[in-house]
Amino acid sequence: MPIHITDPEDARISDYRCLTDLPLRTRFEPPNGLFIGEGRLVIERALRAGYQMRSALVDAKRGDEVEPLVGDAPCYTAAPNVLEAITGFHVHRGLLASFHRQTLPDWREVMNQARRMLILEGINNHTNIGAVFRSAAALGIDAVLLTRTCADPLYRRSVRVSMGEVFALPYAYVDDWPAGLDDVRAAGFNLLALTPDADAMPIQQLPTQMRRRPALMFGAEGDGLTASSQDLADTTVRIPMQREVDSLNVAASAAVVCWELCRE
């Protein structure tokens, strides 16, 4: 039975408060072991991936509609103006859910079960993280490794932009960075550092032996990969540009390179 909420300060819906306040949510969600899913498709994919729902918060008009999706978790409903007062934005999809996070595996375990990987360093934009995960899942990447300086893949915007594909790919954090890259190479991966540098090898010219087990390294917008991580790469590669364009957005670059190396 849905529980109707009329007071935005109701303690029962504290998981959903001020969802547009990034610093607040960053301090609140990971330490409390939760994340927020938005929209039916994302929530269905989270459930399919085995994430346990804590609660749901929905437009009052959709309470009966989504009750089967919620299962045994509390289902809170509210009028649109109350939803906006709680969350800080107009909940146009009409459906939010809070989930328990899962314990991430050790990054070496993730690596050892993969054939093709992405390694992300310092990508702190949630939209880019979500887009990279979506492209990686669609184009044949098996896993993603991240540095602790990357944005949270389970932040609401990351999850939404990825269309829930952050749940489809195993991922983990490499704590001993960049020294851990030596372990990646020792596991049989070819470390390929993406850069717009004109001296780097065009991606389409990468020899066959370096395509067999690629670990594609991407850095943040602007700064790119740090010098210390590039120094540990087996080679640097680039996407050839036309019309004097210097580079692509990191999410677009990841899509191009994933397609090139997974198109067998």
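The residues of helix α4 that are buried (under 20% relative accessible area, with exposed meaning over 50% and partly exposed in between, for a 1.4 Å probe and protein chains only) are covered by elements that include β3, β4 and β5. Contact here means heavy atoms within 4.5 Å, and helices (H or I, at least four residues) and strands (E, at least two) are DSSP runs numbered from the N terminus. The structure is a predicted model, in which local features need pLDDT of at least 70 and side-chain atom pairs count only at pLDDT 80 or more, while totals for chains, interfaces and linings use all residues. Residues are numbered from 1 along each chain as its sequence is written, and side-chain values use heavy atoms, with hydrogens and water left out.

**Helix α4**

- The buried residues in α4 are V82, L83, I86 and T87.
- These residues lie on the same side of α4 because they cover an arc of only 120° around the axis, the arc being that of the directions from the helix axis to the C-beta atoms.
- G88 follows α4 and has a positive phi, near 95°.

- An open sheet of mixed pairing is formed by five strands in the order β1-β4-β3-β5-β2; two strands pair if DSSP finds at least two bridges between them.
- At the edges stand β1 (3–4) and β2 (34–38), each of which pairs on one side only.
- Five bridges link β2 to β5 (residues 95–100) in the antiparallel sense, and L34 is opposite H100 in β5.
- Helix α3 (residues 63–70) packs on the sheet and touches β3 (53–59), β4 (75–78) and β5. The direction of α3 makes about 165° with that of β3; axes are lines fitted to C-alpha atoms, for helices over the stretch in contact, and angles run from 0 to 180 degrees between N-to-C directions.
- Helix α4 (residues 80–87) also packs on the sheet, where it touches β3, β4 and β5, and its direction makes about 130° with that of β3.

**Strand β12 and its partners**

- Strand β9 (residues 190–194) runs parallel to β12 and is joined to it by three bridges; A193 has T236 of β12 as its bridge partner.
- Strand β10 (residues 201–202) is likewise parallel to β12, with two bridges between them; P202 has R238 of β12 as its bridge partner.

**The loop residue D223**

- The loop between β11 (214–219) and α10 (227–231) contains D223, which counts as exposed at 72% relative accessibility.
- A distance of 13 Å separates the C-alpha atoms of D223 and N125, which are 98 residues apart along the chain.

**Cysteines**

- The whole structure contains zero disulfides, a disulfide being a pair of cysteine sulfur atoms within 2.5 Å.
- For C150, the closest cysteine sulfur is that of C258, at 15 Å, which is too far for a bond. C150 is buried, with a relative accessible area of 9%.
- C262 is in no disulfide, and the nearest cysteine sulfur, in C258, is 5.7 Å away. C262 is buried as well, at a relative accessible area of 15%.

**Salt bridges**

- The count of salt bridges comes to 15, where a salt bridge is a side-chain nitrogen of Lys or Arg within 4 Å of a carboxyl oxygen of Asp or Glu.
- R25 and E29 form one of them, with 2.9 Å between the closest N and O atoms, and both residues are buried.
- R40 and E44 form another, with the closest N and O atoms 3.1 Å apart. About one helical turn separates R40 and E44, because they are four residues apart in helix α2 (residues 40–48). R40 is partly exposed, with a relative accessible area of 33%, and E44 is partly exposed at 30%.
- D234 and R185 meet through their side chains in a salt bridge of 2.8 Å, N to O. D234 lies in the loop between α10 and β12 and R185 in helix α8 (residues 180–186), so the pair ties together parts that are 49 residues apart in sequence. D234 is partly exposed at 35% relative accessibility, and R185 is partly exposed at 28%.
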